[in-house]
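The sequence and the model are shown first, and the description follows.

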Amino acid sequence: ACGGTAPLRQRGCRTRFWLTGIAIGLMAAVALALLLSGRGDRGIAATASFHPPVPAPVIDLPYTIRIGTEGARLRLLNGWSGDEQSPEGPFAWADGEGSGISFRLEQPQALLLTMRCYPFTFPGSPAQTLAVWVNGVPVSEYTLAPAEREYTATVPAPVLVAGANRLEFRYAYARVVRDVVPESTDERSLSVAWRTITLAAA
């Protein structure tokens, strides 16, 4: 123990107290460093994950979404493959039996929707259909021609809202490319290739 008044004993006690203080200080420093490192990238990522994505701005009519370009990605929701390029220009495939687009309006109003697209075809492929839904309401349906064409639909004002609106495309079929195209290794499940979607006042 460190009781008593002997000089050597008191000097030994002071030395042990000094060493103990250094050890406690070092442990505290290590613990603080670990805490701060734990709040690094993981802490930022965890905090960032709670923030909703930045919404796309309100569109000015007429407005064209050029599918297959970087600028269009802000509008695309589910069901899209990557951007591609053909001699006719950029495009992207719908991957699966449905795909979606988001757009924002200042105020709801009737819209004229113009879509340029063509179906994924293969030997013996059935006719592809395109059903257009807006905010969960069916608007129009088409049987697509094999070649690229334009299709139009009128979207009634009561279907739309001020702010974010959801445009959905539903297809009769999607096929894994390698299953229907000989020698292909493409594992995507393709349905329709999209070029442009234009929204204008009706």
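## Loops and backbone

In the loop between β6 (129-134) and β7 (137-143) lies asparagine 135. This is a predicted model, and in it the phi angle of asparagine 135 is near 50°, a positive value in a residue other than glycine. With a relative accessibility of 28%, asparagine 135 counts as partly exposed.

A positive phi, near 70°, is also found at glutamate 183, again a residue other than glycine. Glutamate 183 belongs to the loop between α3 (177-180) and β11, and its relative accessible area of 83% makes it exposed. The backbone has a further feature at proline 62, where the peptide bond coming from leucine 61 is cis, with omega near -5°; proline 62 sits in the loop between α2 (41-48) and β1 (63-66).

| Residue or bond | Backbone angle |
|---|---|
| Asparagine 135 | phi near 50° |
| Glutamate 183 | phi near 70° |
| Leucine 61 to proline 62 | omega near -5° |

## Aromatic pairs

The structure holds 8 aromatic pairs. In one of them, tyrosine 142 and tyrosine 151 are tilted, with 5.6 Å centre to centre and 55° between the planes. Tyrosine 142 has a relative accessibility of 14% and therefore counts as buried, and tyrosine 151, at 10%, counts as buried too.

Phenylalanine 169 and tryptophan 194 form a stacked pair, at 4.3 Å centre to centre and with 25° between the planes. Because phenylalanine 169 lies in strand β9 (residues 163-171) and tryptophan 194 in strand β11 (residues 189-201), this pair ties together parts that are 25 residues apart in sequence. Both phenylalanine 169 and tryptophan 194 are buried.

Ring pairs also link Phe91, Trp93, Tyr118, Phe120, Phe122 and Tyr173 into a cluster. A charged side chain meets an aromatic ring at arginine 170, which lies over the face of tryptophan 133, at 3.6 Å from the ring centre.

In soluble globular proteins, nonpolar side chains tend to be buried together. Here the largest nonpolar core has 33 residues, and those with the most contacts inside it are Met115, Leu130, Phe169, Trp194 and Ile197. Two or more residues each are given to this core by β3 (89-95), β4, β5 (111-119), β6, β8 (149-155), β9 and β11.

Methionine 115 illustrates how these parts meet: when residues up to four places away in sequence are not counted, its contacts include Leu130, Val132, Phe169, Trp194 and Ile197, and among them are also Tyr142 and Tyr151, the two residues of the tilted pair. Arg149, Glu150, Thr152 and Thr196 are likewise touched by methionine 115. A second, separate core has 9 residues, including Phe91, Tyr118, Val177 and Ala193.

## A buried serine

Which side chain makes a polar contact with the side chain of serine 99? The partner is the side chain of tyrosine 171, at 2.5 Å. Serine 99 is found in strand β4 (residues 98-105), and because its relative accessibility is 3%, serine 99 counts as buried. Leaving aside neighbours within four places in sequence, serine 99 is in contact with Asn78, Gly79, Trp80, Ala94, Leu167, Glu168, Phe169, Tyr171 and Trp194. Among these contacts are Phe169 and Trp194, which form the stacked pair and are listed with the residues that have the most contacts inside the largest nonpolar core.

Note on methods: Residues numbered from 1 in each chain as written. Predicted model: local features only at pLDDT ≥ 70, side-chain atom pairs only at ≥ 80, totals over all residues. Heavy atoms only, no water. Helix = DSSP H or I, 4+ residues; strand = E, 2+ residues; numbered from the N terminus. Buried < 20%, exposed > 50% of the residue type's maximum accessible area, 1.4 Å probe, protein only. Polar contact = N/O pair within 3.5 Å; in protein donor to acceptor, adjacent residues only side chain to side chain. Contact = heavy atoms within 4.5 Å. Phe/Tyr/Trp six-rings, centres within 6.5 Å; stacked < 30°, edge-to-face > 60°. Lys NZ or Arg CZ within 6 Å of the ring centre and 35° of its normal. Core = buried A, V, L, I, M, F, W, Y, C linked by side-chain atoms within 4.5 Å.
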